[in-house]
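User: I'm new to this and would like to learn how to read salt bridges. Could you walk me through them?

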Protein chains: 2
Amino acid sequence: MRHALDAAAAAGRAGEVPVGAVVMRGARVLAVAGNAPRTLHDPTAHAEMLAIRAAAAALGAERLEDCDLYVTLEPCAMCAGAIAHARIRRLFYGASDPKGGGVEHGARVFAQPTCHHRPEVYPAIGEGEAGALLRDFFAARR
Amino acid sequence: MRHALDAAAAAGRAGEVPVGAVVMRGARVLAVAGNAPRTLHDPTAHAEMLAIRAAAAALGAERLEDCDLYVTLEPCAMCAGAIAHARIRRLFYGASDPKGGGVEHGARVFAQPTCHHRPEVYPAIGEGEAGALLRDFFAARR
């Protein structure tokens with residue numbers, strides 16, 4: 001989660017909402033990414049999406065079986081759907097997101113019968129630092 | 001929807017589940033894409049995602065305001081989330097997807113309070129041909 005928090009801070013310095021994500025396979029870091037929709041002109045470029053796509057490209061595989069995803073914020077519905085499609089084994093996330101989350105809020109993607117793969121979910125990992133990054137970012141913009 | 005159906009058929013010939021998508025702005029086709037997760041080694045490479053990303057890149061913008069998306073199958077939760085993030089104005093889709101859909105089934109992404117943008121939704125547009133493509137594809141694999 002340290003790598004994910006660092007990627008989140010870097011995203012914030014680039015003017016993006018500070019969220020970071022890492023895909024690991026065992027002890028190996030497959031991909032690290034920060035949120036970048038503005039920079040990349042891509043509405044799908046959330047940190048989780050970029051990390052999943054980079055990890056799949058690195059493995060040359062459509063699925064990330066036996067891989068774990070660390071992300072500083074509760075994934076939205078789009079990212080939760082991507083996590084299911086990628087067959088991520090374990091999901092660790094930091095801050096909970098009542099306004100936009102899709103795991104424990106809103107769409108609750110993994111709880112739906114239409115969800116074909118459910119990762120093990122570990123919330124509130126590093127949530128203090130992850131939440132502080134987000135609060136400071138939005139406070140500076142008010 | 002003709003372009004989307006053609007892209008779906010082409011995806012099927014490439015061994016992908018036959019789904020196609022088009023992003024239009026008025027009468028202008030901004031992007032056409034077929035489903036390609038296997039070919040691209042990318043679990044997020046659904047037709048809608050590829051078309052949205054290509055259209056945003058073509059416009060150099062994070063959001064696709066005033067744009068419409070045509071897709072041959074009901075979008076999943078991931079794609080519905082991306083449609084909301086992209087601020088797509090109108091969504092036209094063909095076949096309904098009780099097993100994996102996220103618009104009228106499962107996560108019902110646009111019906112959630114965590115959804116920050118709801119397109120106008122027009123289901124069952126060209127559903128006969130869209131559904132036949134999918135049925136023939138899966139029947140040939142049994």
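User: Is A:Asp68 buried or exposed?

Analyst: A:Asp68 counts as buried, because its relative accessibility is 2%; buried means under 20% relative accessible area, exposed over 50%, and partly exposed in between (1.4 Å probe, protein chains only). This is a predicted model, where local features need pLDDT of at least 70 and side-chain atom pairs count only at pLDDT 80 or more, while totals for chains, interfaces and linings use all residues. Residues are numbered from 1 along each chain as its sequence is written, chains are lettered from A and ligands numbered from 1 in the order in which they are written, and side-chain values use heavy atoms, leaving out hydrogens and water.

User: Which side chain does A:Asp68 meet in a salt bridge?

Analyst: First the general idea: side chains of opposite charge can pair when their charged atoms come close. A salt bridge here is a side-chain nitrogen of Lys or Arg within 4 Å of a carboxyl oxygen of Asp or Glu. The partner of A:Asp68 is A:Arg90, at 3.0 Å from N to O. This pair links distant parts of the chain, 22 residues apart: A:Arg90 in strand S4 and A:Asp68 in strand S3 of chain A. Strands (E, at least two residues) and helices (H or I, at least four) are DSSP runs, numbered from the N terminus. A:Arg90 is partly exposed, at 27%.

User: Which residues are linked with A:Arg2 in a network of salt bridges?

Analyst: A:Asp6 and A:Glu129. A:Arg2 and A:Asp6 both lie in helix H1 of chain A, four residues apart, about one turn of the helix.

User: How many salt bridges does the structure hold?

Analyst: Over all chains, 12.
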